[in-house]
Amino acid sequence: MSRIKTILTNGIWYENPIFHQVLGVCSALAVTTQVKNAIVMSIAVICITALTNFTVSVLRKIIPFSVRLIIEMLIISTFVIVFDQLLKAYYFEMSRELGPYVGLIITNCIILGRSEAFALREGPGLSVIDGIASGLGYTLILVSIAAVRELFGAGKLLGYSIISNPDYHARGLASAGGAFIVMGILIWIMNAIRRVGGEK
Amino acid sequence: MNQSPLVILFAAVLTNNIVFSGFLGMCSFIALSKRIDTAIGMGLAVTFVSTFTTALNWLIYHYILKTGALYKLTGIEGLDGEIFTLIVFIAVIAAFVQIVELAIARISQSLYQALGIFLPLITVNCAILGVSLFMVIRGYGFLASIAFGFGSGIGWLLAIFLMAGIRQKLRFSKISPSLEGIGITMITTGILAMIFMVFNGMVRMN
């Protein structure tokens, strides 16, 4: 039980894939103009990481070491294609909105990183938990960035108008430059919290 | 989409820069922008690979994968390769990188020394796959796709070169310890991205 707890806290906080390992940054910036997009993207990453981890872990004794990267890529691509098709079938507007970034989950290093670092060594059950934990860590960052950008950039949250003053303009936050700066500041805050908490 | 390839090239470098407005290739952008020489090496490798894989992927997509193309090619009804687009693109990129690595090792040792270590990293660089996917979504023609692939590579090179220059100077400035490393790099990238927004009026690309 404590093992599961360690995996969860590591994935979400101590070894957060985005802040600690700088993995999967691209999509974290691109889809965070709206909280809704961030949530869909996070669900995709949680499912795909968990499923990939599970598959790699089940096959870990059969996969020859020298071609493991290609096999892992194939497994990831398969799940990404399934998700992409599901999104196109049931939620076409969102599929349009996310554009190529759903396909780019393939090159999201979080997934390959987790299957390399964890699933190749551990059993399927723990691997699924590890995948979910890393996915949740990713979600935490994505949703926070998206919340800041949507609230202060567009004055809305999940599509509902919060700042209704028509004179309020902060388009910069919704723009690309704003994404980088919000993320930089978020990293700053998280590192500061860690420092106060006595880590490192 | 009837824009001239030259406009697309220009837009890909400046107004729609792949790092500053597409957020692609961030992992290696952050990891390899500590020194100018490694930044240039990686930038050149990305430019080379993205130009050729975009061209290859365009041919494969339009003659094999696209809905209806397989029917034209084989005459068998009911075949559709569209669903395999992602998997084929990533396989083409991985195979191309592998071949280039072997070729460079044979042809020029000095070039291999300079670019060799970067090539394996490119397979997982999302900029390359991203360029191919954008090319399909925006419906570019063949020449336009090559211009887009080349321009995106140059744009990435420009971005990482600028960033490396700034980071080399940043090493001598006093930064809050919590902000050091990724934090300050992100904020600097944000400012650079805003500077690049100045170019927005110059070319229009959808």
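Predicted model: local features only at pLDDT ≥ 70, side-chain atom pairs only at ≥ 80, totals over all residues.
The contact between the two chains may be considered next. The size of an interface is often given as the accessible area lost when the parts come together. For chain B and chain A, the buried area is about 3100 Å², with 83% of it on carbon and sulfur atoms. Chain A brings 40 residues to the contact, and chain B brings 36. Between chain B and chain A there are 2 residue pairs in polar contact, counting pairs with both residues at pLDDT 80 or more, and 0 salt bridges. On the side of chain B that touches chain A, the elements giving two or more residues are α2, α5 (85-107), α8 (126-138) and α10 (182-196) of chain B. Of these, α10(B) supplies the largest share, 9 residues.

Phe23(B) is placed in the loop that links α1 (5-13) and α2 (26-31) of chain B. The phi angle of Phe23(B) is near 55°, a positive value in a residue that is not glycine. Most residues other than glycine have a negative phi. Phe23(B) counts as buried, because its relative accessibility is 6% and the limit for a buried residue is under 20%.

Notes. Residues numbered from 1 in each chain as written. Chains lettered and ligands numbered in written order. Heavy atoms only, no water. Helix = DSSP H or I, 4+ residues; strand = E, 2+ residues; numbered from the N terminus. Buried < 20%, exposed > 50% of the residue type's maximum accessible area, 1.4 Å probe, protein only. Contact = heavy atoms within 4.5 Å. Buried area = accessible area lost by both parts, 1.4 Å probe. Salt bridge = Lys/Arg side-chain N within 4 Å of Asp/Glu carboxyl O. Polar contact = N/O pair within 3.5 Å; in protein donor to acceptor, adjacent residues only side chain to side chain.
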